[in-house]
Amino acid sequence: MKIVVICLFAILAGTSFAMAADTGCDAFKWPVEREQALFPEAPAAQSGATLTVGQAVDFSLAAVDTISFEVPPERAPAAGTFGATANVAVPPGGELQFSLSDEAWIDVVQDGKTIKSTAFSGVKTCPGIRKSVRFKLAGGAAIIQLSGAKKADLKVAVLTPE
């Protein structure tokens, strides 16, 4: 009888662990393995940096009220939060994916206008990655606006969608 109880417990525990794994990084709508590989080695960056597609940076954010945004953020940042801006050269074809290590709002601005995202995926149970947002952009220059971060550091990966 003890063996049966132990076996049943082991089966239930294994099922619970498998279900827990499904609520981690696998819960994103698309793979985030590239970000997981890039974030540990991400070089430091300050507001105003130029981002490169296929890479990640580790931003030192500033108090959001000290950042000069190109346009007001779509979601007004709370007092006491942090932000940054960055530039990125959008390749022809223009679809980019921005993944953030923690909670923050991201706006992408082209030609003085905020571009609406085309897809979003966020997971609170994935270690080191909080959200990933996709944008369809025109080739050329774009400005990235980060705001509303609760901590003064944020890793950002700029990738083309898989």
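Residues are numbered from 1 along each chain as its sequence is written, and side-chain values use heavy atoms, with hydrogens and water left out. Because the model is predicted, local features need pLDDT of at least 70 and side-chain atom pairs count only at pLDDT 80 or more, whereas totals for chains, interfaces and linings use all residues.

Me: How many helices and strands does the chain have?
Reply: Helices (H or I, at least four residues) and strands (E, at least two) are DSSP runs, numbered from the N terminus. Read from that end, the elements run α-α-β-β-β-β-β-β-β-β-β-β-β-β. The chain therefore holds two helices and twelve strands.

Me: What percentage of the residues in the chain is buried?
Reply: Buried means under 20% relative accessible area, exposed means over 50%, and partly exposed lies in between (1.4 Å probe, protein chains only). Among the 162 residues in the chain, the buried share is 38%.

Me: Which residues have the most contacts inside the largest nonpolar core?
Reply: A nonpolar core is a set of buried Ala, Val, Leu, Ile, Met, Phe, Trp, Tyr and Cys residues joined through side-chain atoms within 4.5 Å. The largest such core has 26 residues, and those with the most contacts inside it are Leu 51, Phe 59, Val 88, Phe 98, Ile 106, Ile 144 and Leu 146. At least two residues of this core come from each of β2 (49-51), β3, β5 (82-90), β6 (95-100), β7 (105-110), β10 (131-136), β11 (140-149) and β12 (153-159). A second, separate core has eleven residues, including Ala 56, Val 123, Ile 129 and Ala 157.

Me: Is Phe 59 buried or exposed?
Reply: Phe 59 is found in strand β3 (residues 55-60), and its C-alpha atom is separated by 8.9 Å from that of Ala 49, ten residues apart along the chain. Because its relative accessible area is 1%, Phe 59 is classed as buried.

Me: Which residues are in contact with Thr 85, leaving aside its neighbours within four places in sequence?
Reply: Thr 85 is found in strand β5 and counts as buried because its relative accessibility is 13%. Contact means heavy atoms within 4.5 Å. On that basis, Thr 85 is in contact, beyond neighbours within four places, with Gln 46, Ser 47, Gly 48, Ala 49, Phe 59, Ile 67, Ser 68, Phe 69, Ile 144 and Gln 145.

Me: Which cysteines does the disulfide join?
Reply: A disulfide is taken as a pair of cysteine sulfur atoms within 2.5 Å, and the structure holds one. The pair links distant parts of the chain, 101 residues apart, with one cysteine in the loop between α1 (2-22) and α2 (33-38) and the other in the loop between β9 (119-122) and β10. With an S to S distance of 2.0 Å, the disulfide joins Cys 25 to Cys 126.

Me: Which strand gives the largest share of the lining of the largest pocket?
Reply: On a 1 Å grid over the protein atoms alone, a pocket is an open set of points where a 1.4 Å probe fits, with protein on both sides within 12 Å along at least five of seven lines, and lining residues have an atom within 4 Å of a point. The largest pocket is lined by 24 residues, of which Arg 75, Ala 104, Trp 105, Ile 106 and Lys 131 lie nearest its centre. Elements giving two or more residues to this lining are β7, β8 (113-115), β10 and β11. The largest share, four residues, comes from β7.

Me: Is Trp 105 buried, partly exposed or exposed?
Reply: Trp 105 lies in strand β7, where, leaving aside neighbours within four places in sequence, Trp 105 is in contact with Glu 74, Arg 75, Lys 131, Gln 145, Leu 146 and Ser 147. Because its relative accessible area is 24%, Trp 105 is partly exposed.

Me: What is the phi of Asp 111?
Reply: Asp 111 lies in the loop between β7 and β8 and is exposed, because its relative accessible area is 77%. Most residues other than glycine have a negative phi. Asp 111, a residue other than glycine, has a positive value, near 50 degrees.
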